[in-house]
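Let us take a walk through a protein together. Have a look at the sequence and the model below, and turn the model around before reading on.

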Amino acid sequence: MSGPNDGMKPSDVGIALIKRFEGFCAKVYTCPAGKPTIGYGHVVKPDERFGTLTEAQATDLLRADADIAAHSIKRFISTRLSQNQFDVLVSFTFNLGGGALETSTLRGLINAGRFDSVPRELNRWVFSKGQRLPGLIARRAAEGQLFCAL
């Protein structure tokens with residue numbers, strides 16, 4: 001069964017949005033959620049080993065991770081999205097995971113066509129380990145603006 005967003009993929013605008021908020025780190029570090037991370041927010045899997053990444057290598061990892069996020073959107077969103085809307089959901093899902101999108105009120109609002117409620121709903125997703133993070137507040141605000149941009 002095909003969905004309304006099957007032909008979509010993360011755009012350069014969406015990749016740049018993720019890069020802006022993830023930042024680049026050439027070596028493995030621990031992210032605010034406590035996960036080993038490298039590059040532009042790539043969560044290191046147990047079977048992965050990294051030395052030092054170049055920005056080009058990190059971008060390749062990011063694009064692969066963004067494609068995984070895009071697959072979740074194609075699976076869980078039944079309403080046709082604009083490219084900006086798709087990119088915002090890629091950023092959101094990249095950051096929080098497909099499970100968060102699947103079970104979220106955000107998904108229900110989008111599938112009901114209530115796009116005007118999306119920026120407010122995004123602003124609820126600014127916590128990590130019970131703490132409101134300034135970086136997530138800024139990220140969700142930027143995502144909300146892009147979601148509404150024509």
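We will go from the overall build to the core, then to a pocket, and end with a loop.

This is a predicted model, so local features need pLDDT of at least 70 and side-chain atom pairs count only at pLDDT 80 or more, while totals for chains, interfaces and linings use all residues. Residues are numbered from 1 along each chain as its sequence is written, and side-chain values use heavy atoms, with hydrogens and water left out.

The protein chain holds seven helices and five strands. Here helices (H or I, at least four residues) and strands (E, at least two) are DSSP runs, numbered from the N terminus. Read from the N terminus, the order of elements is α-β-β-β-α-α-α-α-α-β-β-α. Along the principal axes, the C-alpha atoms fill a box of roughly 45 × 35 × 25 Å. The radius of gyration, taken over C-alpha atoms, is compared with a globule rule of 2.2 Å times the number of residues to the power 0.38. For 150 residues, a compact globule would have a value near 15 Å, and the protein chain agrees because its own value is 15 Å.

How much of the chain is buried? Buried residues make up 44% of the 150 residues; buried means under 20% relative accessible area, exposed over 50%, and partly exposed in between (1.4 Å probe, protein chains only). In soluble globular proteins, nonpolar side chains tend to be buried together. A nonpolar core is a set of buried Ala, Val, Leu, Ile, Met, Phe, Trp, Tyr and Cys residues joined through side-chain atoms within 4.5 Å. The largest one in this model has 32 residues, and I73, V90 and I110 have the most contacts inside it. Elements that give two or more residues to this core are α1 (12-22), α2 (55-76), α3 (83-96), α5 (105-111), α6 (118-122) and α7 (134-148). The largest share, eight residues, comes from α2.

Now zoom in on some contacts, where contact means heavy atoms within 4.5 Å. Leaving out residues up to four places away in sequence, V90 touches P10, I18, A66, A69, A70 and I73. A69 lies in helix α2 and counts as buried because its relative accessible area is 4%. Beyond its neighbours within four places in sequence, A69 is in contact with V90, T93 and F94. A69 and F94 are 25 residues apart in sequence, yet their C-alpha atoms are 5.4 Å apart in space. T93, found in helix α3, is buried too, with a relative accessible area of 3%.

F94 also leads us to the largest pocket. Which residues lie nearest its centre? They are G41, V43, F94, N95 and L96, out of 28 lining residues. The lining divides into 13 nonpolar, 10 polar and five charged residues.

Finally, find A33 in the loop between β1 (25-30) and β2 (36-39). A33 is partly exposed, as its relative accessible area is 38%. Apart from neighbours within four places in sequence, A33 is in contact with S128 and K129. The C-alpha atoms of A33 and K129 are separated by 6.6 Å, although the two residues are 96 residues apart along the chain.

Note on methods:
1 Å grid on protein atoms, 1.4 Å probe; cavity = no way out; pocket = protein on both sides within 12 Å on 5 of 7 lines; lining within 4 Å. Nonpolar A, V, L, I, M, F, W, Y, C, P; charged D, E, K, R; others polar.
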